[in-house]
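Open the structure in a viewer and keep the selection tool at hand. The stops below say what to select and what is there.

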Amino acid sequence: MPAPTDEVPEPAARGGRRRLRSTAVTLALGSVLFTVGALGLAPRQTPAPTVASGPDAPRAKDATEALRTRVRRLPADPGGWSSLGMAYVQQARSTADAATYDRARTALRKSLALQPAGNSAAETGMGALESARHHFAEALTWARRATTDNPYSAPAQGVLADALTQLGRYEESYAAVQRMTDLRPDSSALARASYSWELRGDTVRARELMNRSLQAAGTPADKAFALTHLATLALETGDPRAALRLAGAGLAALPGDAALLEARARARTALGDTRQAVTDFTAAVAAAPLPQYLLGLGDLQRSLGHRAEAEEQYGVLRAQERLRRASGGVPDADAVLFEADHGSPETAVAMGRAALRQRPFIAVHDAYAWALHRAGRDSEAVGQADLALALGTVSAPFRYHRALINQALGRTGAARTDLRRALATDPHFHPVDAPRARTELSRIETVR
């Protein structure tokens with residue numbers, strides 16, 4: 001049994017706790033870490049270590065090539081195919097390459113064809129793949145199969161927890177995290193335990209457990225992952241200097257990692273070093289052109305008055321959204337927020353509604369609330385904003401969104417409270433919205 005500090009608390013009353021980060025939920029499979037999307041939690045999602053980018057790319061490619069050589073030599077080995085499929089999932093999450101997802105599916109399906117029954121490794125891989133593609137109901141089905149075939153598989157319990165979290169079944173996800181920790185209290189399990197406390201707003205406990213995850217990290221990628229989330233915790237509790245130090249330590253372990261570059265960019269933005277922040281964001285986009293990095297860079301350029309540079313990033317986001325619609329994919333929270341602010345609010349409402357059907361997660365409730373607000377439907381928006389904070393999250397962006405919704409409804413007291421809490425939590429939560437929050441709070445205080 002793990003030590004008491006590893007335990008996940010019993011489900012809490014939905015209104016009774018505090019905060020959550022914009023990062024997706026970690027999909028830890030053995031020593032490989034994935035992140036479910038998106039945006040995630042507080043304005044963006046934090047991807048797992050980008051082992052296929054930067055100076056570590058040759059190592060990742062060599063590992064994948066070794067697995068490809070193995071399946072060519074042993075084509076009837078289901079374990080070889082499942083391992084290759086898992087490697088492809090990780091590559092796809094790192095590079096946002098849809099073709100690599102297809103290769104992952106092909107390899108995992110081959111493993112399942114060779115061993116249809118009792119193949120928990122391939123079933124776990126399929127769950128990770130579906131989660132990475134934001135097909136969380138399908139991910140849950142595969143995770144259930146994996147945990148039934150092998151109740152003692154810690155990675156399978158992790159994928160189960162991730163799917164349950166994104167489907168809004170938080171209490172069940174906490175129990176799955178506890179089972180994973182009981183089975184194997186390694187770096188991956190400790191990272192999930194940290195996240196489960198953060199869901200309920202206990203950032204002190206979350207930081208303690210993520211530090212333990214860092215100490216247990218066995219690879220540079222594991223170390224970088226833990227440091228990414230420690231940096232994010234520091235950012236979102238108003239300590240950009242600590243975030244800068246932690247992100248720098250992570251980049252020393254895994255140079256070129258996109259998630260760490262984003263964390264350092266945000267820390268530098270908060271500290272006023274916008275030139276270096278633009279450099280880091282640009283490097284993150286080059287390593288992995290994921291929506292959260294594109295939106296982060298675009299919004300930073302916009303805050304600096306660099307309209308052409310901002311529009312360049314926004315243009316890529318619009319192109320990605322057109323591809324998503326053409327393929328029938330599900331929109332994520334970042335896409336909804338972007339459409340609400342830079343496109344058609346009514347389209348954003350439709351996107352948010354579709355996203356919520358597939359992923360009733362708090363970040364999606366927040367994005368849908370903001371889309372409704374931008375469309376002038378504040379009486380509907382406030383209910384969604386309340387759901388976004390129903391776990392008691394201490395997210396500055398969520399608070400800011402609800403503040404402006406309440407202000408539009410004439411609830412000045414509620415708006416003032418949320419604005420104060422947003423700025424107290426993280427006074428630099430967004431390069432455009434944080435200054436607006438200060439302006440609006442000042443206006444309310446002056447009128448009052």
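Start with Asn-406, which is buried, with a relative accessible area of 5% (buried means under 20%, with a 1.4 Å probe and protein chains only). This is a predicted model, in which local features need pLDDT of at least 70 and side-chain atom pairs count only at pLDDT 80 or more, while totals for chains, interfaces and linings use all residues. Residues are numbered from 1 along each chain as its sequence is written, and side-chain values use heavy atoms, without hydrogens and water.

Setting aside neighbours within four places in sequence, Asn-406 is in contact with Val-382, Arg-411, Ala-414, Ala-415 and Asp-418 (contact means heavy atoms within 4.5 Å).

Next, select helix α17 (residues 345-358) and helix α18 (residues 362-374), which pack at an angle of about 155 degrees with axes 8 Å apart. Axes are lines fitted to C-alpha atoms over the stretch in contact, and angles run from 0 to 180 degrees between N-to-C directions. The two helices, α17 and α18, are therefore roughly antiparallel (an angle over 145 degrees). Among the residues that meet are Gly-352 and Arg-353 in α17, and His-365 and Tyr-368 in α18.

Last, select Phe-361, Tyr-400, Leu-419 and Phe-429, which touch the most other members of the largest nonpolar core, a set of 45 residues. Such a core consists of buried Ala, Val, Leu, Ile, Met, Phe, Trp, Tyr and Cys residues joined through side-chain atoms within 4.5 Å. Helix α18 gives the most to this core, nine residues.

How values were computed
Buried < 20%, exposed > 50% of the residue type's maximum accessible area, 1.4 Å probe, protein only. Helix = DSSP H or I, 4+ residues; strand = E, 2+ residues; numbered from the N terminus. Parallel < 35°, antiparallel > 145°, perpendicular 65-115°, else oblique.
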